[in-house]
Amino acid sequence: MTRFVKNPKEVASGLLIVFLAAFFAWQAMGLPMGRAIRMGPGYFPMILAGLLGLLGLIVLLTGLTLHPVKEENEAQKIGFRRWPWVPLGLVTLAVVVFGLGIRPLGLGPSMGLAVFLSTLASRRFKLTTALASSFIMVAFSWAVFIKGLGLPLPMLGPWLGGY
Amino acid sequence: MEIFDNLALGFSVAITFQNIFYCFIGVLLGTLIGVLPGLGPVPTIAMLLPITFGLPPVSALIMLSGIYYGAQYGGSTTAILINLPGESSSVVTAIDGYQMARQGRAGAALATAAIGSFFAGSVATFLLAVFAPPLADLALKFGPPEYFALMVLGLVASVALASGSVVKALAMVVLGILLGLSGQDVYTGTPRFTFDMLELADGIEFVALAMGVFGIGEIVRNLEDEHTRTVMVQKVKGLLLSKDDIKRIIGPILRGTFLGSFLGILPGGGAILSSFAAYSIEKKISRHPEKFGKGAIEGVAGPEAANNAGAQTSFIPMLTLGIPSNPVMALMIGALIIQGIVPGPNVVNEQPSLFWGIIASMWIGNLMLVVLNLPLIGIWVRLLTVPYHILFPLIVGFCCIGVYSVNNNAIDVFTMAVFGVVGYVLVKLDCEPAPLLLGFIIGPMLEEYLRRAMLISRGDPTVFFTRPISATMLGLAILALVVVLLPSVRKKREEAFQE
């Protein structure tokens, strides 16, 4: 199988795009199509999904070859193993934690948690700087967003005795 | 002279204490964040967008424009001082600018960049004032088919002029349009792509998408190779240019301004293209081409003038047609929409104080850049040395609260998290996320015009090719695609972007 892959990046992009096109087409199928003169909500998305699928196929095909590949180009490899999985996970987790915590915990704790979790993503993590960063950001967001811009947000949420 | 009346109106709006203040804050914040390593104009604007929501539309747009050129200027500063261009259009500045800095002429390079940018910005602003109203008048005569064709042309051109694979970029545009269509359908109220979640009924929040892709995704990408970057910044001195320097930069600045003003109007990488073009022109006509790459002041002056002129004239299609030519303009259009203003040719006539106020403030903002940046350069230099591992958690925090504050809704925060991952994956697969953002912004308008056009034509799709203006525009779009996809051109294009 892999011997027909000329450019793994193109193949992966192509597959991803085709998958997304299929997904959008499947979603659009449940929508009323209407006719060209009075297009329903599903008409344009369906056209676009078809177009997207076509483009994805082109990308996929350009990455394939009939001749077995001898040497691989370094720039065309995806290099999954070298992806920064830990930072990616931690930064995403930080954002999600903020979203989950903002209502029940309030701005202070969720901001502190989000910043602290992000600092863990760096290889040069140091506890003191991490705590300092979290504290600075909590203070800063309080000053700018609650005091300055008057966002209707408590520093401490209902779970922590706030309102 | 109508234009002077209009400019007078503009200045009367821009020179109020409030608007000068927001312009100042915008330029200051823009520069401040722009000089931080790893942050170009797009994430800077995306991050600061929520702050402007509470302001009246004019002030918000004035502040955002200020942020834009502040960030752009900040990018040049990092390019010159530490060879780290904050964005692609200052890549060229880094070539000779950094060499000048290493020879102890950092001050001269920065001053050249500032003067070039200011001159180019002033000229381009004037061009904007002259050409925008007639263009808007012309656009007012457009019907839905013409609009549809124009948007298609804009999208295709931005893809054709950008670097990287054209097919992938087109796919990103289409994906962006699909994402942009999410939420309730305007005509029937049917929810689309909302997965039965009530929170998504208004569609995917544009700020969340922009911040996710360009903010969070970018952070992960920077964490990828977290090498210990030892930043060596020399003390900046000698901001004054010698007579000889001034003589040498006049020509490049004039040529750069001209080139940038023209290329900036084109969709796609106007600013990038113009700075590259300006550099190669200067190198070609120079009597000492061997000095380029070794600290030639002309190599800083030309591209800096060009990219600033391009940045300014890229406002023309945005303000007159409502069509973004690059991601920054897409963010601006998003800001307009959030402010309740429908972008398009009507802005000039229905909101003259907004339109002319923004134009006048551009000039003031450019002046502020010079006044503010040269004396404060010491502070910016110190900011440059802030290590990334300290910086990025703060950016994450700022993005979180910023995106939450848009609607006070946690769903936007989760959306941002999703698009952070999406943005990272796309970049890793060499799919440029910028066209996705353009498609996302244009998507709803595109569908609207398509539907209206089909209604007028009674369902006959040939309407796009029987009306001359729309036929011409679609023809140009097809031509652009064919040309870019031709194998011979494709090779040359790749070479051009390699340089």
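**View 1. Buried residues of helix α5 in chain A of the predicted model.** In α5(A), the buried residues (under 20% relative accessible area, with over 50% counting as exposed and values in between as partly exposed; 1.4 Å probe, protein chains only) are Ala130(A), Ser133(A), Ser134(A), Met137(A), Val138(A), Ser141(A), Phe145(A) and Ile146(A). An α-helix has 3.6 residues a turn, so residues three or four places apart point the same way. The packing partners of the buried residues of α5(A) are α4 (107-119) of chain A and α17 (388-407) of chain B, where contact means heavy atoms within 4.5 Å. Helices are DSSP runs of H or I with at least four residues and strands are runs of E with at least two, numbered from the N terminus. This is a predicted model in which local features need pLDDT of at least 70 and side-chain atom pairs count only at pLDDT 80 or more, while totals for chains, interfaces and linings use all residues; side-chain values use heavy atoms, without hydrogens and water. Residues are numbered from 1 along each chain as its sequence is written, with chains lettered from A and ligands numbered from 1 in the order in which they are written.

**View 2. Span and end of α5(A).** Just after α5(A), Gly150(A) adopts a positive phi of about 65°.

**View 3. Nonpolar surface patch of chain A.** Leu120(A), Phe125(A), Leu127(A) and Leu131(A) make up the patch and together have about 330 Å² of accessible area (Shrake-Rupley method, 1.4 Å probe; for residues, only the protein chains shown count as cover). Patch members have over 30% relative accessible area and no salt bridge; nonpolar side chains (Val, Leu, Ile, Met, Phe, Trp, Tyr) are joined within 5 Å, and like charges within 9 Å. A salt bridge is a side-chain nitrogen of Lys or Arg within 4 Å of a carboxyl oxygen of Asp or Glu. Leu120(A) lies in the loop between α4 and α5 of chain A and counts as partly exposed because its relative accessibility is 34%.

**View 4. Helix α12 of chain B.** This helix (residues 298-313) has 16 residues and reaches 22 Å between its first and last C-alpha, close to the 22 Å expected. Because 16 of the 16 residues of α12(B) are buried, the helix is largely enclosed by the rest of the structure.

Methods. The expected span of a helix is 1.5 Å times one less than its number of residues.
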